[in-house]
Amino acid sequence: MILHTLSSTNFMPYLGKMSINFPTDKDRNVMLVFGDNMRGKTSLLNALRWVFYGKAIGRHSREIALFDLVNIEATLEGDWSIEVVVTFEDDGHRYEMRRTATKRALVSIPSRSEDLLMERAMRKDDIPLGEHLIDAEINRFAPEQTSRFFLFDGELLDEYEQLLIDGSDQSKLIKEAIEQVLGVPNLIRGRDDAQTILKHAQKQQTADLQKMGGFESQAERQRHYQAQIESIEKDLKGQNERLKQVNDDRIELDDALEKVEALYQAKQKFDDAVATRKENIDRQDDLQQQRLLLVKDAWKEVLRPLLTLKRNHIHAQYLKLTSQMLARDKVETKIEQLAVAVQSQTCHACGQALHQKERVAAATELGRLQAELLGMKLDLNFFSKLGSDVQSLDKLLQPTDARQIAFIDKEVSRLSVEVTKLDNQIDALDELIKGQDTAEIARKRAKRDGLLKESARIAGDIKSSKDTLEKNQRELAIISKVLEGLPKARAAKSSKLVKLASSIEKAYARSIDQLRDDLKSTVENLASQAFRKLSTQSQYSGLRINGNYGLTILDERGQEVPIRSAGAEQIVALSLIDGLAHAGRSAGPVVMDTPFGRLDKKHRANILAYLPTTTSQLVLFVHEGEVDRATDLAPLRSKIGCVYEIKEISLRHSRVERINQ
Amino acid sequence: MTDDNDMALAALLKAAADVEPALSAELLRKSFAIQRRHQFDHDDIREASMQDLKMLLDATVDVEDSK
Amino acid sequence: MSDTVPAIATERTQVRLSNKAHTILTQMKEDGYLAEMTDGYRLGIALALSMGVAPGEFPAENKNFIAVSTLDPSGEIAASIRILVDLEGQSVYGYAERLADWGIKEMQDRFRGGFLDVAKLMDEAPALPA
């Protein structure tokens, strides 16, 4: 399929008419679309989706309501009509597909999607096609189930990385999409159809056998198991319907809760802030009480420095006087000894008689010391007062806890700041949740959680039913086998049909695994080839595929490389897509984001050089700031057919303009 | 979209050769063509492929009977 | 200071507070900075003492405040004053009154009726040479 033109009126942000031409030259098959406007890019993709399939996709792959597709500025002017037209060629034919939506006749101002009437028309080689033929045409070149690989939103790359997460909802969906492309569902349906036919044939066989003599017991048993199976299948149908309902309800609640999640969180924060504030205030009050008690002793701490100094001074005096007293004592003792010596004319130390000379010396010394003593006056009262002052001061200088006041003041101050912050937070949060029914939100959450449990319970029941079903089916198969061996039974037409349907069913059942295995090895080879071209690491030898079409990188020894950078993930994902494109379908147009977010220059260059070769037309959405127009796009230069730019005129109005390279 | 269908058909023929060698390749091709024709049917007309397959199998049994 | 040794004054049994200081302490208590006005009285005494001021005459406009036995049950205030000041026969509690008055007004000046930063008073208490 080769796209030619896309034009629209009042579609999403494109107020009024918008029109772009796709490059049709085989050698210049790249179209670049520049823009900061993320919405503008998604809207172009959605224009293609909507014109083909009547659907536009928003965040999280959720469908955007028809009502929300009409440009808001246009609706403010009272213009509720939107239109998208695409022209293309395929298999030698020219096509024009048109889809419109307008206000229904009796509606004055539309307020919901039902107020709009959607219509479509297709022309093939200028001849209008009947409405009933349009789907078949579209299915030939761009079936909706495979549009993932054709209308390739950059977010899809992230989704592919989900493939590595086994069992995630996303990975299941993507796996299904891949297998759809690669033909697996045909085999699954073949098996299912054969099973249905087999069941009917077995019933018919039971009826026939009952009419034949000699097979009553086998017929009865067959009938019994068939009845069991029918009953279980009925239960299963009911259980699956219930499961779907529960899941749908849950998803609806999830959507509603997502919208108000912010509110719920805000209420939680609000409650926490109020509680913390109260704690802080209570703590402050406690601290104030402690402070008041400590203030009682604060006067002592005010005097402490001065009193300490005084004490040191007095103590020094005291010590000085003490040493004076000791000195005086010494002198007195010496005087006493000398007086005795002079009088007794004997040495006080050894008791020997003193010579004349020694007596004179002793007397002289005695006189000197007696004179010295006279100068050693001591004020004992003063000495005593000093001692008692020191004692008093020691009592006054006993430690108190009043110094804790500083820490308390600091803590109280800190708490005040916290309380102010909390007050601001509380005010802001209150504004946010004012008027909202937060109890209702809590109720919805509880209900959603209940539905989750219910869903798991039903899934359990379904499994149990399936197990029982299988058991019964096995029993039935045994009976069939027995009957096959009996010539008379075998001859009945219904028996022949049972045998044939059973063979077909077995063949298809086995083919599913066969195809999956074949596909995996094919995709693995093709993805590896693409990977080698895209990766800059020469020591990577290729990729290995897992059950969910996830891929791991192999090094030159064929060992798995366990840790990959985000950039590597993107390369792997791109390789997978390219491998699938080659394995599953003919190269068709690919519309995608530049997957440059996490890639270095070398990888980007590789991708840009490689992509145009994998597809008939490549439309690349380029985000400003992500690439350097002058240098990064150099590998594409020779392949660029046209360049557009999305300009944001206002929040609700964008424009696409063609620019010269 | 012929490539993938060929792969699916090839897988079917190979699987049948393994588990049900008595099945005719011609029958398998015809049954597969039915699936391919109906592959993008909407759910409400899902039964169409099953009806077509039943007709094919009935016809096959009838042909065998008449031999 | 007179040349003659003054007679030892009779000791007071009650201490007084000037009207102005009374107002100040009342406000401090109301503002939650003091558990009792007496705590502020003692702080005033300590502040004036630590700064080594020679307080002036006690203001005429005053009233009785509290019994000495309540103000200074352990005699620590009197002991502190006696150790740091040469009373020259003055009544120790009479001196204490004048110190308190000066100290309370000084606290008012410093903190302008706002937060009574007791921690600061303790930190900045001087140690003037005796």
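Read along the sequence, chain B runs α-α-α, and its secondary structure amounts to three helices and zero strands. Helices here are DSSP runs of H or I with at least four residues, strands are runs of E with at least two, and both are numbered from the N terminus. This is a predicted model, in which local features need pLDDT of at least 70, side-chain atom pairs count only at pLDDT 80 or more, and totals for chains, interfaces and linings use all residues. Residues are numbered from 1 along each chain as its sequence is written, while chains are lettered from A and ligands numbered from 1 in the order in which they are written.

Of the 67 residues in chain B, 28% count as buried. Buried means that 20 or more other C-beta atoms lie within 10 Å of the residue's own; 12 or fewer makes a residue exposed, anything in between partly exposed, and the C-beta atoms are placed from the backbone.

Now for the place where chain B meets chain A. That contact takes 32 residues from chain A and 32 residues from chain B, with two residues in contact if their C-beta atoms, placed from the backbone, lie within 7 Å. On the chain A side, the elements giving two or more residues are α6 (184-211) and α14. Helix α14(A) has the largest share of that side, 16 residues. Sorted by class, the chain A side has 15 nonpolar, nine polar and eight charged residues. For these classes, Ala, Val, Leu, Ile, Met, Phe, Trp, Tyr, Cys and Pro count as nonpolar, Asp, Glu, Lys and Arg as charged, and the others, Gly among them, as polar.

Take a look at Gln514(A), which sits in helix α14 (residues 493-534) of chain A. Why does Gln514(A) count as buried? Because it has 23 C-beta neighbours inside 10 Å. Leaving out residues up to four places away in sequence, Gln514(A) touches Ala11(B), Lys14(B) and Ala15(B). Val184(A) is 330 residues from Gln514(A) in sequence, yet their C-alpha atoms are 9.8 Å apart in space.

The other chain A element, α6(A), meets helix α2 (residues 25-37) of chain B, with axes that come within 9 Å and cross at roughly 115 degrees. The axes are lines fitted to C-alpha atoms, for helices over the stretch in contact, and angles run from 0 to 180 degrees between N-to-C directions. That angle is why α6(A) is roughly perpendicular to α2(B); the label covers 65 to 115 degrees, with under 35 roughly parallel, over 145 roughly antiparallel and the rest oblique. The tally is one nonpolar, four polar and two charged residues.

What about the nonpolar interior? A nonpolar core is a set of buried Ala, Val, Leu, Ile, Met, Phe, Trp, Tyr and Cys residues joined through C-beta atoms within 7 Å. The largest has 98 residues, of which Val33(A), Ala501(A), Leu620(A) and Leu12(B) touch the most other members. Helix α14(A) again turns up, with the largest share of this core at 16 residues. Apart from it lies another core of 44 residues, including Leu47(C), Val92(C), Met107(C) and Ala119(C).

That brings us to chain C, which puts 25 residues into its contact with chain A, against 26 residues from chain A. The chain C elements giving two or more residues are α2 (37-50), α4 (76-84) and α6 (118-123), and α2(C) has the largest share, eight residues. The chain C side divides into 19 nonpolar, three polar and three charged residues.

Within chain C, helix α1 (residues 19-30) packs against helix α5 (residues 92-111) at about 50 degrees, with axes 10 Å apart. That makes α1(C) oblique to α5(C), and α1(C) passes α5(C) in a left-handed crossing. Here Lys20(C), Ala21(C), Ile24(C) and Leu25(C) in α1(C) meet Asp101(C), Ile104(C), Lys105(C) and Gln108(C) in α5(C).

Note on methods: A crossing is left-handed if the near helix is turned anticlockwise from the far one by less than a right angle, and right-handed if clockwise.
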